[in-house]
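Here are some short notes for a first look. Please keep the structure open while reading.

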Amino acid sequence: MTDTRNLFVRITTALAPLLVALIIAVLLLVATGAPPLDTFVKLFTGSFGTPSKQADTFVVWVSLAIVSAGLLITFIAGQWNIGVEGQIMMGSIFATWAARGVWEQQGIVGIPVIILWAMVGGAFWALLVAVLKIYGKVNEIFGGLGFNFIATAFNIYLIFGPWKQKTGGTLSGTEIFPEALWMPTLPELRVSPIAIIIALLVLVVIYFSLRGTLWGLQLKAIGKNIRAAFVLGVPTNPLLLSAYAVCGACAGLVGAFLVIIVHHRLIPSISSGYGFLGILIVLLSSVNALWLAPLALFFAAVSIGSTALQLELNIDSSLGGVLQGVLVLVVLLMQGIKEKVISK
Amino acid sequence: MRVELKNIHKHFGAVHANNNVTLTVEGGSIHGLLGENGAGKSTLMKVLSGYIHADAGEISLDGGNVKRFKSPADALRHGVGMLHQDPLDFPPLTLLDNFILGCDANLLQPRTRAEKEFRELCQQFNFDLDTNAFVSDLTVGERQQLEIIRLLWLGARTLILDEPTTGISAPQKIKLFTTLRQLVAGGKSVIFVSHKLEDVEDLCHRVTVLRRGQVAGEATSPFVTEQLVQMMFGQQLNIGKRSNVELGAPVIEFDHLTLKDDRLTVPDVSLSVQAGEVIALAGLEGSGQQLFLQACAGLLPPSAGQLRVNGIDLTRKPYENFLRAGIAYMPADRMKEGLVPGLSIEEHIVLAKRGKKDALIDWGRACQTASEQIKEFNIKGIPPTRVEALSGGNQQRTLLALLPPDLKLLALEHPTRGLDIESTLYIWGKLLERRKQGAVIIFASADLDEVLQYSDRILVFFGGHVIETVKSSATNVEQLGYLIGGKKQL
């Protein structure tokens, strides 16, 4: 009896925020003069309607799934790794750097080098935040924010400076990579099956390391009570460093994919806000690895689908971002209310 | 102002912090509130100043009936203001900003008027406070002065001072006492909360003693110290019973050790403790016992001197070395420093395991170990029970279950505070078993019976100094009471 009631309560509390978010979204649409039902249909067909659109959605999904898996690690350890956006960008920069080194090589040699080097770059950028946090008492939110700006500026400098195209620096980015260094994709589509497999692999590894390894348990302890964890004998500093390194490496991997799958060159705002979307996904998942894949798919679909709104209904594509933001805020609000009710 | 508290009751969970407390403070008098840590003094004063609500009972001011205060601001509107032990002020603000902060002004700050009245109040009490200085630059004594004039300016007619003589210098104390006498001469009333006998005897007209949440007695000046001590600590003067344990080699040695945190210095402690010995740290809360225990456990590096464990110099060595030496720490605040809320008993067992650890967790075995420990330590829970769902006694048992098998030294803060008799006896049984196996136990406690009953030697702390080291068999509750209150002679 209590079991079924508990289940009922859990389903209700999980669905209520979605319903509220939906209502708010409908109101927003009505207020902007858009037909609500049509908009949702277009959002769906815009992201899943054709094989090409499905492929585009999965390209975004790969990035969101990997970056949110990495962020799960820092979140478990109680860290707000806002710097993840810069870590993706640093991954792209390191990937391009590596690509310039293996410019003439075959893909089978070049691509792994590019990916590994990008992961090193992302981890390095994350470790800077961690070192400032642990040894310099700089809050990771401010540290991360600072390094995001630095990464952006450094990226622009490279594109217009040392790495500019032969014809001169341009906003369109660096020279296009030789095709040998492009990650192989399905014919006619932009999606790479290897990338999808890697993303699934990352999700599985992160899920099991949180469940079944001492490392995962120690990170969880640090996130819940760092002082008690330390007193119990958990080496807190090395573990925090490792959490940032893993998250940064995941971000770097995303950075590599953006370069060798999506753009085939380094462009100014290459990280595309995927890091921040990743944070929203982890927040929505209640820090539960199992939810990451479906949530990432939803966010990817809204991102891709909202570009279709622009074309077909003449609704600004930023509406997708608004919907994502509203959903996260409502879910967090509901969690807050739930906790307040329980504590009473 | 005459203040009457009638039949106040306050529960915190299972703890009856105030049990039918009735107290009358006459206008124009200084009333002392005396009692050891946890006697219920602060709770009672928080009820009177509107910080917490009583479960039952009444507060009446000057004979009128005021049921309860909604908030500290509400209490202040009725004329009751409280100075907290750690001043509740705003270090980054200037004195004038801090002074104005609580006033019922409209949109505009009454700065000119406030500044003028600030100066007048300073003059009246002969305080030397600069309105433009920052609160962070003041000494604790000056911050008290600021709080006093602020509360008076906001209309306080009864001032409550919680342990005001802790952390201020001797001249500042004299100044404070002069101020308080000046206040009551003007018709205000003062409630002076303390565990320092000397201060209470020196200052108060009348005193109420609380013990375990109840009024243990009242007395009027001039006081008989002996009588106050008896009321504070109970009548029984039992001599501690010593059980005989063969003492082994020295386990931990302190060689002119000096400990410091941002509040307190514990200078020059030298002590050698042998295997099987139990050392109690007695003293008012915050007199240095916690620093001492944390230094034993390797959580606070000493600023001078040497600390040796089993003959090995561990001074300023990483905490890890202390863990490897078989040292463990059990803090008073179990959920803050001991256990990780949100994690289960079995997860704690895995985390706390010392020595070689496997990277992959064998949850089946962890669950089995946890079940065994739960049975052995009689913990009311199952392996996946989260520690925050356990009662205080069961949390303490869980901490015991986490101790390593080859324990050499255990540093504990308040091993049985807030626990019922059954848990208390059980925990001491387990601790004494460890001692028989040759472990050193060093514990801090506010319960003098516990101190006398279980320790071999007692270090008495007062204001950061170890003022006395006594053999438990050669002392009693009464003498300890004097020492803790800072009086050396019996």
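1. Start with the two domains of chain A. Their C-alpha centres, those of domain 1 of chain A and domain 2 of chain A, lie 28 Å apart. Bear in mind that this is a predicted model. Domain 1 is built from two stretches, 1–33 + 316–344. Domain 2 covers 55–313.

2. Next, the contact between these domains. Nine residues of domain 1 of chain A are in contact with 11 residues of domain 2 of chain A. On the domain 1 side, five of the residues are nonpolar, three are polar and one is charged.

3. Now the two chains. Here 17 residues of chain A are in contact with 21 residues of chain B. Two helices of chain A, α8 (214–224) and α9 (226–231), each supply at least two residues of the chain A side. The most comes from α8(A), with seven residues. By type, the chain A side holds nine nonpolar, five polar and three charged residues.

4. Turn to helix α17 of chain B, residues 477–484. Why is this helix largely enclosed by the rest of the structure? Six of its eight residues are buried, so the rest of the structure largely encloses α17(B). The buried residues are Val477(B), Gln479(B), Leu480(B), Gly481(B), Leu483(B) and Ile484(B).

5. What covers the buried residues of α17(B)? The cover includes two helices of chain B, α8 (225–233) and α16 (448–454). It also includes the chain B strands β13 (278–283), β19 (457–462) and β20 (465–471).

6. Gly486(B) follows α17(B), and the phi of Gly486(B) is positive, near 90°.

Key: Residues are numbered from 1 along each chain as its sequence is written. Chains are lettered from A and ligands numbered from 1 in the order in which they are written. This is a predicted model: local features need pLDDT of at least 70, side-chain atom pairs count only at pLDDT 80 or more; totals for chains, interfaces and linings use all residues. Domain bounds come from an automatic or database domain assignment. Two residues are in contact if their C-beta atoms, placed from the backbone, lie within 7 Å. Ala, Val, Leu, Ile, Met, Phe, Trp, Tyr, Cys and Pro count as nonpolar, Asp, Glu, Lys and Arg as charged, and the others, Gly among them, as polar. Helices (H or I, at least four residues) and strands (E, at least two) are DSSP runs, numbered from the N terminus. A residue is buried if 20 or more other C-beta atoms lie within 10 Å of its own, exposed if 12 or fewer, and partly exposed in between; C-beta atoms are placed from the backbone.
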